[in-house]
Amino acid sequence: MCSIIGYTGSLNVAPVLVESLKRMEYRGYDSVGIATINDGRISTRKGVGRVATVDKSLNFITMAGQIGIGHTRWATHGGVSDKNAHPHYGCTDDIAVVHNGIVENYMELKEELVQLGHKFKSDTDSEVIAHLIERYFAEQKDVTQAIIKTCKKLTGTYAFVAAFEDGTICGSRYDEPLIIGPVENGFFISSDILGFLPYTDKAIFLDNKDIAVIEGPSLKLYDSDGNPLSRPITQVAWELAAIDKGKFTHHTLKEIYEQPHTIITAATQDREKINNFCQILLNSKTIYVTGSGTSYHSALIAKHIFARFAKIRAESIMSSEFQYALDPIDSSSVLVAISQSGETADVLQSVKTAKLMGAKILSIVNIPTSSLARISDSFLSIDCGPEIGVAATKSFTGQLSLLYTVLDTLCYGCVEYKAGKLELVDAIKEVLASETEIGQVADRIREARDIYIMGRSIHYPVALEGALKIKELAYIHAEGIAAGELKHGPLALIDKNSVVVIINPRDTTFDDNLASAHEIKARGAIIIGVSDEPNDVYDIFIRIPSVRVPFYPLLEVVPFQILAYHLALRRNADPDYPRNLAKSVTVK
Ligand code: AGP
């Protein structure tokens with residue numbers, strides 16, 4: 001998943017593109033490149049690394065022109081190198097192309113084009129798009145026809161923007177987001193609202209196979225056969241201030257500290273919308289909940305709380321495994337898809353599969369204009385504002401807060417979340433106030449080779465989430481383990497070099513966890529207890545306040561977010577842009 005951006009208007013384009021790419025860098029940060037058009041000529045600069053770093057050596061902002069395109073890359077095909085950085089060209093430098101997605105039939109197309117005399121400069125799949133456009137444009141000198149013919153040749157997923165020497169920029173998409181931002185005397189075309197948020201709060205979301213052709217202040221939209229079409233202009237809910245780090249050093253830390261506020265916004269839902277959402281759930285014979293990464297951990301907790309408190313059976317399935325686990329899904333089924341970005345390819349694929357089998361689609365997103373929200377029968381948004389840090393933090397507790405609100409609607413207030421969430425706000429603030437102490441724990445375990453996180457029952461998905469945060473932020477091998485499974489194998493991993501964290505709040509799992517802690521202690525490991533009750537078996541104690549039993553998952557995850565953040569700092573990792581990752585995974 002990469003970020004792509006195009007602009008035509010009255011502003012000097014280079015500084016505009018540099019800032020847009022910086023705001024979208026969380027989508028991929030292996031390399032960056034910009035092409036601008038000035039006096040009928042295209043010039044390009046591209047290089048490996050983050051936008052700010054590459055800009056220092058290539059000085060993007062000195063590039064002339066008021067029309068241009070840009071790209072930040074998350075490498076899929078071809079190593080991280082200057083030649084594989086975008087924009088890409090055909091055999092001549094007349095048409096520049098930036099692409100997000102995967103062209104699955106690129107080898108075949110490449111062979112075809114090489115037969116026709118085309119010479120390739122990179123190892124990427126994306127370059128074939130530039131050569132195809134060049135080939136078809138040469139036939140009729142018709143931009144729209146060139147794009148139509150090119151798209152018909154592509155299989156896989158794509159959003160691309162092409163810039164022509166005459167100043168025309170155009171683009172198309174299939175299963176990758178592409179959005180138009182109308183501005184004075186021109187337009188932005190971007191992967192993400194953040195690409196143009198400072199300039200307009202209006203957006204035109206392209207549907208699959210739509211083609212956009214922009215010539216100065218004129219925008220023409222076509223379907224895949226060249227028939228003119230129009231798309232609605234949507235009001236964007238986000239404000240620019242929401243992506244400002246403010247007093248915080250990193251977006252990740254700011255987003256951790258936003259949680260006392262965001263769990264409330266997530267629980268504040270339109271009554272009619274949530275009733276409709278719950279009615280669809282209650283009318284369904286079988287309920288499946290799916291997601292990827294952190295959102296899958298929310299799905300596991302959904303399954304648990306629906307069964308335990310509302311006596312509703314729901315099956316949770318990892319989205320990347322969904323296609324292999326096609327339980328008897330039919331028109332009496334509902335799939336609840338959970339996704340912060342609403343653009344995760346595995347989640348969208350699961351939804352497509354379930355839809356084909358007749359299931360109803362409900363979704364929980366953070367971006368109401370996302371692809372997932374737009375293909376769902378009904379969706380609810382956690383509205384926690386842009387989440388820039390690649391590691392999901394406020395979106396996780398936001399998803400849980402919304403799930404508890406849904407639960408309370410399903411079971412007529414059986415967990416009293418209405419009152420419970422206020423208690424949680426105070427409790428989370430208390431944990432945030434212990435950031436320094438948790439930082440000192442990070443000091444003590446910063447050299448750890450392996451960290452095991454244990455939890456039982458509803459705390460097991462939180463153990464998985466804690467491990468994921470430590471893996472992705474601090475690059476330490478961390479594993480979430482169901483504490484009861486310890487003696488069935490994982491205990492063999494434990495020795496005096498191991499660090500074991502036990503999630504052990506005062507509930508029905510407390511005593512069994514203490515027993516497990518003693519088994520671990522006997523093997524000499526360092527034991528960290530995350531609990532509202534200290535115990536001698538812990539070498540290190542991270543205190544969390546007591547809250548009502550159902551709500552512990554929203555609280556006990558916060559120490560892990562802070563711990564992972566501080567471990568990242570102490571291991572010189574960038575908490576906002578962890579290596580090899582990106583915020584929304586739009587390729588399978
Ligand atoms: C979590 O910290 C990761 N960024 C990742 O696992 C993420 O949760 C996953 O890619 C799903 O993203 P989504 O919620 O936007 O679909």
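Student: In what order do the strands of the eight-stranded open sheet come, and is the pairing parallel or antiparallel?

Tutor: This is a predicted model. The order is β3-β2-β4-β1-β10-β9-β11-β14, and the pairing is antiparallel.

Student: Why are β3 and β14 said to stand at the edges?

Tutor: Each of them, β3 (41–48) and β14 (234–235), has a single partner strand, so one side of each has no neighbour in the sheet.

Student: What makes β9 and β10 a pair?

Tutor: Two strands pair if there are at least two bridges between them. Strand β9 (residues 179–183) and strand β10 (residues 186–190) are joined by five bridges and run antiparallel, so they count as a pair.

Student: Why are α1 and α2 called roughly antiparallel?

Tutor: The axes of helix α1 (residues 13–24) and helix α2 (residues 51–58) cross at roughly 155°. The cut-off for roughly antiparallel is over 145 degrees, and α1 and α2 therefore get that label. Their axes come within 10 Å.

Student: Which residues of α1 and α2 meet?

Tutor: Val18, Leu21 and Lys22 of α1 meet Val51, Ala52 and Asp55 of α2. By class, four residues of this contact are nonpolar, none is polar and two are charged.

Student: How do you know that Gly49 is buried?

Tutor: Buried means under 20% relative accessible area. Gly49 has 19%, so it is buried. Gly49 is in the loop between β3 and α2. Leaving aside residues up to four places away in sequence, Gly49 touches Tyr29, Asp30, Ser31, Val32 and Val54.

Student: In what order do the strands of the five-stranded open sheet come?

Tutor: The order is β21-β20-β22-β23-β24, with parallel pairing. Strands β21 and β24 (540–543) are at the edges: each has a single partner strand, so one side of each lacks a neighbour in the sheet. From one strand to the next, the twist averages 20°.

Student: What makes β20 a partner of both β21 and β22?

Tutor: The requirement is at least two bridges. Strand β20 has six bridges to β21 (residues 477–482) and four to β22 (residues 499–503), so both count as pairs. Both pairings are parallel. Tyr452 has Glu479 in β21 as its bridge partner, while Met454 stands opposite Ile502 in β22. Further along the sheet, β22 and β23 (residues 526–531) pair in the parallel sense over five bridges, and Val500 stands opposite Ile527 in β23.

Student: Why is β20 described as largely enclosed by the rest of the structure?

Tutor: Six of the six residues of β20 (residues 450–455) are buried, so the description applies. Asp450, Tyr452 and Met454 point one way, and Ile451, Ile453 and Gly455 point the other way.

Student: Which helices go with this sheet?

Tutor: Helix α16 (residues 460–474) forms a right-handed β-α-β unit with β20 and β21. Helix α15 (residues 435–445) lies across β20, β22, β23 and β24, at about 150° to β24.

Student: Why are Asp383 and Glu416 called partly exposed?

Tutor: Partly exposed covers the range between buried, under 20%, and exposed, over 50%. Asp383 has 45% relative accessibility, so it is partly exposed. Glu416, at 46%, is therefore partly exposed as well.

Student: Which peptide bond is cis?

Tutor: The bond from His86 to Pro87 is cis, with omega near 10°. Pro87 lies in the loop between β4 (67–73) and β5 (88–89).

Definitions and conventions. Residues numbered from 1 in each chain as written. Predicted model: local features only at pLDDT ≥ 70, side-chain atom pairs only at ≥ 80, totals over all residues. Heavy atoms only, no water. Axes fitted to C-alpha atoms, helices over the stretch in contact; angles between N-to-C directions. Helix = DSSP H or I, 4+ residues; strand = E, 2+ residues; numbered from the N terminus. Parallel < 35°, antiparallel > 145°, perpendicular 65-115°, else oblique. Contact = heavy atoms within 4.5 Å. Nonpolar A, V, L, I, M, F, W, Y, C, P; charged D, E, K, R; others polar. Buried < 20%, exposed > 50% of the residue type's maximum accessible area, 1.4 Å probe, protein only. Right-handed = clockwise from strand over helix to strand, strands pointing away.
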